[in-house]
Structure formats: structure tokens, C-alpha cells
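Take a look at the fold below, and then we can walk through a few spots together.

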Amino acid sequence: MSNILIEDDLSLLMIGENLKRLRVSHGLSTTEVAKMLNKSRQGYFNYETGAREINITSLVTLSNYYGVSIDSIVGNPYAIGVESKLNYRTFELTKEGIKKTMPTVISSQYNDILAVKISDIVIKFFWRTDTYVEDSELLFEFKDRYFISKIWFKPDGSGFFNINDKPVYFTKRDKEDLIYLGVLSSTLNKQFNIKNFF
């Protein structure tokens, strides 16, 4: 009987961790989420701390609001391979015109995508890598600062990258301070801001 209680307590803590992560990622306070669920702040806070079991109505409300499955709220937040998905209704441009197609799913099963907000309307996505990729825009660290640029090397091992259209040169010895974080995989250019969409 005590094993069941321990499993239940663990489940409540996992759900609480997921609720907190989702709330923080959306920039919401516990009071704001509580209001959405018609609960007191303390009532909602008890869900996040695992002190109280969340009801199915609240789970459905939160999964719809955050745009995630109920499974992602009640599942293990630390499991390797937790899949993040974005689902979109999709249209395709063909020779005959625009046609509705199957939904597009953007997924990062192993969380190997790094997003860099360039401005309120431009976000760049980088595939995580610790390897130099020639002739590609890279996200990298150099002397404790982060940069986005292509990197060019000279035959002697020195090189340069451009920041604000100005070259930053480094020696062969400085090359050891380059830490590759990711290679550009896509860019999102928004035309206007939509609440809770990046």
C-alpha cells in the first residue's frame, strides 16, 4: 500500500513540475493561471507543489491554453526524448493554386533545437552541434560571448567571422576559444506579433 502512495506522490510532483514549467514559459503568475481555472491562487499553487491532485477539467483547460497534450502535463518532465510538437493547419501552393493539405508538425524529439530571438519578428533556429560546419551560419561562443556568423579559416589556422558587417579576426591559438553550439536550420520571419506565439 505504501508503494502506491509513493507512486502517487511522485506523479503529483511530476505534474506540478510540468505545470510550473509551462506557466513560467508563458510568463504567467500563479494568480493569472488560478483565475483562468476559477481557483484561488493557493488552490492552483497546491497543484504545482504536488500537495493536491488536479482535476480533469483543469487539465483539459490548461492543455488547450498551452497548446500541449494532457500526456505532456502528466508525464515525466525529465524523461529523455520528451517530444515537443507544434501542429499547424497547412496549405500548399501548387500549379493549380492553393490547396489544403495534411497538418504540418514541427517536432524536436530530443530538444536539439536552439532558438535565438533576433528581434520581435525574427527568430533563428539552430540544430545543436559541437562541430564546425563549413559555409554555414553558426551559433557559437568565443571568449565568453555568443555570436551568430559564418566562420572562415585561413590555411595557417587563423580566421575571422563578421559581426555587424565588420570582421573579427582570431589567431590559430584563439581558435581553441571557439565553442560551436549550433548550425542554422531555419528562420522564422513574422509579419506581426501574435500573443503567445514566440
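Lys117 has a relative accessibility of 52%, so it counts as exposed, the cut-off being over 50%. Please keep in mind that this is a predicted model.

- Lys117 belongs to strand E3, which covers residues 113-117.
- The side chain of Lys117 makes a polar contact of 3.4 Å with that of Asp120.
- Once neighbours within four places in sequence are set aside, Lys117 is in contact with Val122 and Ile123.
- Leu188 is 71 residues from Lys117 in sequence, yet their C-alpha atoms are 9.6 Å apart in space.

**The protein as a whole**

- The protein is built with five helices and ten strands.
- Buried residues make up 27% of its 198 residues.
- Taking contacts between residues at least 6 apart in sequence, 46% of them link residues at least 24 apart.

**Two glutamates on the inside**

- Glu48 sits in helix H3, residues 41-49.
- Is Glu48 buried or exposed? Its relative accessible area is 10%, and buried means under 20%, so Glu48 is buried.
- The side chains of Glu48 and Tyr44 are joined by a polar contact of 2.7 Å.
- Beyond its neighbours within four places in sequence, Glu48 has contacts that include Gly16, Glu17, Leu19 and Lys20. Arg23 and Thr30 are also in contact with Glu48.
- Glu141 is part of strand E5, residues 138-142.
- Glu141 is buried too, but it has no salt bridge. Which side chain of opposite charge is nearest to Glu141? That is Arg145, at 9.9 Å.
- Not counting residues up to four places away in sequence, Glu141 touches Tyr146, Asp177, Leu178, Ile179 and Leu181.

- Strand E7 (residues 151-153) pairs with strand E8 (residues 159-163) in the antiparallel sense, over three bridges.
- Ile151 has Phe161 in E8 as its bridge partner.
- The hairpin of E7 and E8 has five residues between the strands, and Gly157 in its turn shows a positive phi of about 95°.
- On to the next pair: E8 also runs antiparallel to strand E9 (residues 166-170), with five bridges joining them.
- For Phe160, the bridge partner in E9 is Tyr169.
- Two residues lie between E8 and E9 in their hairpin, where Asn164 has a positive phi near 55°.

**Two aspartates with positive phi**

- Asp165 is found in the loop between E8 and E9. Its phi is near 65°, a positive value even though the residue is not a glycine.
- Asp165 counts as exposed because its relative accessibility is 78%, and exposed means over 50%.
- Asp144 lies in the loop between E5 and strand E6 (145-149). Asp144, likewise not a glycine, has a positive phi of about 65°.
- With a relative accessible area of 69%, Asp144 is exposed.

How values were computed:
Residues numbered from 1 in each chain as written. Predicted model: local features only at pLDDT ≥ 70, side-chain atom pairs only at ≥ 80, totals over all residues. Heavy atoms only, no water. Pairing = 2+ DSSP bridges. Helix = DSSP H or I, 4+ residues; strand = E, 2+ residues; numbered from the N terminus. Buried < 20%, exposed > 50% of the residue type's maximum accessible area, 1.4 Å probe, protein only. Contact = heavy atoms within 4.5 Å. Polar contact = N/O pair within 3.5 Å; in protein donor to acceptor, adjacent residues only side chain to side chain. Lys, Arg positive; Asp, Glu negative; His and termini not counted. Salt bridge = Lys/Arg side-chain N within 4 Å of Asp/Glu carboxyl O.
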